[in-house]
Amino acid sequence: MEVLSTIRVPAKLDHLHALIDMVSNCAKEQGLGEKRINEIEIAAEEALVNIFHYAYQGQGGDVEISCKVERGRTFTIEIIDSGMPFDPFSVSEPDTTLDVAERQIGGIGVFLIKKLMDEVTYQRDNNKNILTLTVDLKT
Amino acid sequence: MEITTRQEKDATVVMVQGRIDAVTAPEFENHLSSLIEKGGRRFIINLGALEYISSAGLRSILATAKRLKAEQGDIRFSGLQGPVEEVFKISGFYSIFKIFDSDASAINDV
C-alpha cells in the first residue's frame, strides 16, 4: 500500500480541522465523490475525537494519521495513538430504536464509523492503537 | 457554522448552515440552550443548508431534545438532505424525531 500523506500532532481538538482537511484532500485526489468524502470525514472525526477525549486520560500524547492507497482498489485512513488500549469492536451498538427520553448519548460515533466504512480494522501493537478505515475505490 | 433564528407563530425556526462537528457542536448547543432560557419551547431546526454532521452534533441535538421534553417543549426538523439525512437515518434519529419537508409543514402540523 502506498502512503500518500502523514501528519503527527498532539491529540487535541484544536487540530481536528487540519487533520480532517488532510484526509479530505487525499480522498479528493483519489477521485472519490463528494458523498463518500463526507462519510470518510465523519468516520475520521469520530475516531480522532475518541482519541482526543479518552486515549491519554488527561495526559498529553500524539496522534498520527496517514492516507494510503492501493491503486484502483482501496483508500485507507490509518490512525495511530499510544494511549489506552481501545478496541472499537468492544463497544456495544446503541439501540437506535429508543425514543428521546431513553436514548443514550454515547456510542453513536463508533457505530457511524462501522456503518459508513467498507472495512474497519483494529490492532493493538507495541503499546499502540492502530485503527484503519477503508473504502473501496471501485464503484 | 452559521445559525439564523426567526420566530414564526409560536415556533422558533433555527436554520443552521455549514458543519456541525466536534469543534462547532458546543456553540450550536449553547445557542439552542439560550433560546430555551429565553422561553422558546417549540423549535423547528432547518437542516437544508447543513453540509456535515458528526456524532457530536447528534449529541447536541439529543441533549437539547431531552431538555425540551422536560420543559414540555417540542423539536422538529425540516429540509433534511444528503449526508445529514443519511446520518439521521443510520443513527435512528429519523425515527425518533418528527421530520418534515418544509418549515411550513413543520409549523402547521399539530
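A:Leu19 is buried, with a relative accessible area of 1%, where buried means under 20% relative accessible area, exposed over 50% and partly exposed in between, computed with a 1.4 Å probe on protein chains only. The model is a predicted one, in which local features need pLDDT of at least 70 and side-chain atom pairs count only at pLDDT 80 or more, while totals for chains, interfaces and linings use all residues. Residues are numbered from 1 along each chain as its sequence is written, chains are lettered from A and ligands numbered from 1 in the order in which they are written, and side-chain values use heavy atoms, with hydrogens and water left out.

- A:Leu19 is found in helix H1 of chain A; helices (H or I, at least four residues) and strands (E, at least two) are DSSP runs, numbered from the N terminus.
- Leaving aside neighbours within four places in sequence, A:Leu19 is in contact (heavy atoms within 4.5 Å) with A:Ile7, A:Val9, A:Leu48, A:Phe52, A:Val63 and A:Ile65.
- The 14 residues of H1(A), residues 16-29, should span 20 Å at 1.5 Å a residue, and the end C-alpha atoms are 20 Å apart, which agrees; the expected span is 1.5 Å times one less than the number of residues.
- Buried residues of H1(A) include A:Leu16, A:Ile20, A:Met22, A:Val23 and A:Ser24, as well as A:Cys26 and A:Ala27.
- The cover over the buried residues of H1(A) includes, from chain A, strand E1 (2-10), helix H2 (34-55), strand E2 (62-70) and strand E3 (74-81), together with strand E2 (11-20) of chain B.

**From H1 to H2 in chain A**

- A:Gln30 is found in the loop between H1 and H2 of chain A, and at 19% relative accessibility this residue counts as buried.
- Not counting residues up to four places away in sequence, A:Gln30 touches A:Leu4, A:Val69, A:Arg71, A:Phe75 and A:Leu137.
- H1(A) is followed by A:Gly31, whose phi is positive, near 80°, and H2(A) is followed by A:Gln57, whose phi is also positive, near 45°.
- H2(A) is mostly covered, since 18 of its 22 residues are buried; these 22 residues should span 32 Å at 1.5 Å a residue, and the end C-alpha atoms are 30 Å apart, which agrees.

**The interface of chain B and chain A**

- In the interface, 27 residues of chain B are in contact with 28 residues of chain A.
- Between them the two chains bury about 2,200 Å², 64% of it on carbon and sulfur atoms; buried area is the accessible area (1.4 Å probe) that two parts lose on being put together, summed over both.
- A:Val100, placed in the loop between E3 and helix H3 (108-116) of chain A, counts as buried at 10% relative accessibility.
- Leaving aside neighbours within four places in sequence, A:Val100 is in contact with B:Leu62, B:Ala65, B:Lys66, B:Lys69, B:Ile96 and B:Phe97.
- Two salt bridges are counted between chain B and chain A, a salt bridge being a side-chain nitrogen of Lys or Arg within 4 Å of a carboxyl oxygen of Asp or Glu.
- B:Arg19 forms a salt bridge with A:Glu41, the closest N and O atoms being 3.0 Å apart.
- On the side of chain B that touches chain A, strand E4 (50-53), helix H2 (55-70), helix H3 (82-91) and helix H4 (93-96) of chain B each supply at least two residues, and the largest share, nine residues, comes from H2(B).

**Salt bridges over all chains**

- By the same rule, the count over all chains comes to 19 salt bridges.
- A:Asp62 and A:Arg8 meet through their side chains in a salt bridge (3.1 Å, N to O), which links distant parts of the chain, with A:Asp62 in strand E2 and A:Arg8 in strand E1 of chain A, 54 residues apart.
- A:Asp62 is partly exposed, with a relative accessible area of 30%, whereas A:Arg8 counts as exposed at 51% relative accessibility.
- A:Asp118 forms a salt bridge with A:Arg36, the closest N and O atoms being 3.1 Å apart; A:Asp118 lies in the loop between H3 and strand E4 (119-125) of chain A and A:Arg36 in helix H2 of chain A, so the pair ties together parts that are 82 residues apart in sequence.
- The side chains of B:Asp74 and B:Arg76 meet in a salt bridge (2.7 Å, N to O), and both residues count as buried, B:Asp74 at 16% and B:Arg76 at 5% relative accessibility.
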